[in-house]
Amino acid sequence: MNEDILQGKWKQVRGEIQSLWGRLTNDDLDRIQGSSAKLAGMLQERYGYSRQEAERAVADFLDGIQDKLEASSRRN
């Protein structure tokens, strides 16, 4: 999922992020605003991930959520 799509689908995606990473607050998600780099940085801060761990977690999440969003849009 590229950055433009993430930003465009941010309202749908943020709920998924918060259910997966519950330590992220609504304020954190407001600051992230669809930026994968900001999400990775926030994961480092809240969960103590290394930069590489955070980037991998975000990439894995985005791969999975893209499939979920595509399946959802096909049903509608």
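**Figure 1. Gln 33 of the predicted model, a partly exposed residue.** The relative accessible area of Gln 33 is 45%, so this residue counts as partly exposed. Gln 33 sits in the loop that joins α3 and α4. Its phi is near 45°, a positive value in a residue other than glycine. Most residues other than glycine have a negative phi.

**Figure 2. Ser 35, a buried residue in the loop between α3 and α4.** With a relative accessible area of 14%, Ser 35 falls under the 20% limit and is therefore buried. Apart from neighbours within four places in sequence, Ser 35 is in contact with Glu 3 and Leu 6.

**Figure 3. The largest nonpolar core, made up of 19 residues.** Val 13, Ile 17, Trp 21, Leu 24, Leu 39, Leu 43 and Phe 61 have the most contacts inside this core. Two or more residues come from each of α2 (10-20), α3 (26-32), α4 and α5 (51-75). The most are given by α5, with seven residues.

**Figure 4. Surroundings of Phe 61, one of the core residues with the most contacts inside the core.** When neighbours within four places in sequence are left aside, Phe 61 is in contact with Val 13, Glu 16, Ile 17, Leu 20 and Trp 21.

**Figure 5. Confidence along the protein chain, from helix α1 to helix α4.** The chain averages a pLDDT of 89, and 93% of the residues score at least 70. Confidence is lowest in helix α1 (residues 3-8), with a mean of 78, and highest in helix α4 (residues 36-47), with 96. Where pLDDT is low, the predicted coordinates should not be read in detail.

Conventions. Residues numbered from 1 in each chain as written. Predicted model: local features only at pLDDT ≥ 70, side-chain atom pairs only at ≥ 80, totals over all residues. Heavy atoms only, no water. pLDDT = per-residue confidence, 0-100. Helix = DSSP H or I, 4+ residues; strand = E, 2+ residues; numbered from the N terminus. Core = buried A, V, L, I, M, F, W, Y, C linked by side-chain atoms within 4.5 Å. Buried < 20%, exposed > 50% of the residue type's maximum accessible area, 1.4 Å probe, protein only. Contact = heavy atoms within 4.5 Å.
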